[in-house]
Amino acid sequence: DELRISPQKGTYVVFNYMDHAGHFDFGNNIKSSQWKTIFQKVYRELRNTEKIIFACHNHKEIELAKEMDPSAEIFFSENYIDYVNFYARAKYGLVNRVHSAFIMGGLGKPTVLVGSDSRAKMSDMIGVKNYFVNDVTSAEQLLQDLKFIDDHKNEFHDDIIQFKKEYLSQYRNVLKPILSF
């Protein structure tokens with residue numbers, strides 16, 4: 001029930017940046033400098049037309065965001081519920097954190113997830129676009145994706161709500177013999 005937090009019409013775009021597009025390299029020879037250059041280009045281009053707020057989950061991410069733009073708007077909290085409320089007011093996002101993509105997706109907010117490990121592929125299940133970081137070779141690629149999800153954010157919202165209803169019904173049917181609803 002999204003903690004009884006209702007998604008709202010978005011007023012900003014969420015960005016989340018991590019050095020390796022994730023916590024670790026996992027022996028994948030992550031091209032961190034290429035990722036940083038591409039991410040910075042996307043940020044500089046999009047901030048001309050959108051209000052962007054960096055969702056930072058630790059002090060290292062705050063430092064990285066401030067390196068990109070000392071005047072960047074930053075959201076940070078020690079409370080996960082604050083993040084759910086924050087994501088509920090977003091239009092869409094470009095993130096490295098898998099949990100950010102899933103929370104936003106669950107709230108009907110489309111997202112592009114760029115990750116460094118196989119967990120990012122799970123987002124296919126809910127229709128969230130994802131890439132392995134080394135496969136992102138240009139800012140234009142991501143800018144096109146972000147434009148697409150912005151143009152189709154209402155459809156994404158409707159699809160995810162329907163998806164959640166269908167799966168909740170299936171879970172209830174499976175659990176019905178052992179639980180009473």
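Trainee: Which residue caps the N-terminal end of α2?

Mentor: Before that, note that this is a predicted model, in which local features need pLDDT of at least 70 and side-chain atom pairs count only at pLDDT 80 or more, while totals for chains, interfaces and linings use all residues. Residues are numbered from 1 along each chain as its sequence is written, and side-chain values use heavy atoms, with hydrogens and water left out. The cap of α2 is asparagine 58, which has a side-chain oxygen 3.1 Å from the backbone nitrogen of lysine 60.

Trainee: Which residues of helix α2 are buried?

Mentor: Buried means under 20% relative accessible area (1.4 Å probe, protein chains only). In α2, which spans residues 59-68, this holds for Glu61, Ile62, Leu64, Ala65 and Met68. Seen down the helix axis, the buried residues of α2 fall within an arc of 165°, the directions being taken from the axis to the C-beta atoms, so they line one face. In general, an α-helix has 3.6 residues a turn, so residues three or four places apart point the same way.

Trainee: What covers the buried residues of α2?

Mentor: Contact means heavy atoms within 4.5 Å, and the cover includes α1 (32-46), β2 (52-55) and β3 (73-75).

Trainee: Is threonine 111 buried or exposed?

Mentor: Threonine 111, which is in strand β5 (residues 111-115), is buried, with a relative accessible area of 2%. The side chain of threonine 111 reaches the backbone oxygen of lysine 109 at 3.2 Å, and the residues that threonine 111 touches, leaving aside those up to four places away in sequence, include Gly93, Val95, Met104 and Ile149.

Note on methods: Buried means under 20% relative accessible area, exposed over 50%, partly exposed in between (1.4 Å probe, protein chains only). Helices (H or I, at least four residues) and strands (E, at least two) are DSSP runs, numbered from the N terminus. A polar contact is a pair of N or O atoms within 3.5 Å; within protein, one must be able to donate a hydrogen and the other to accept it, and residues adjacent in sequence count only if both atoms are side-chain atoms.
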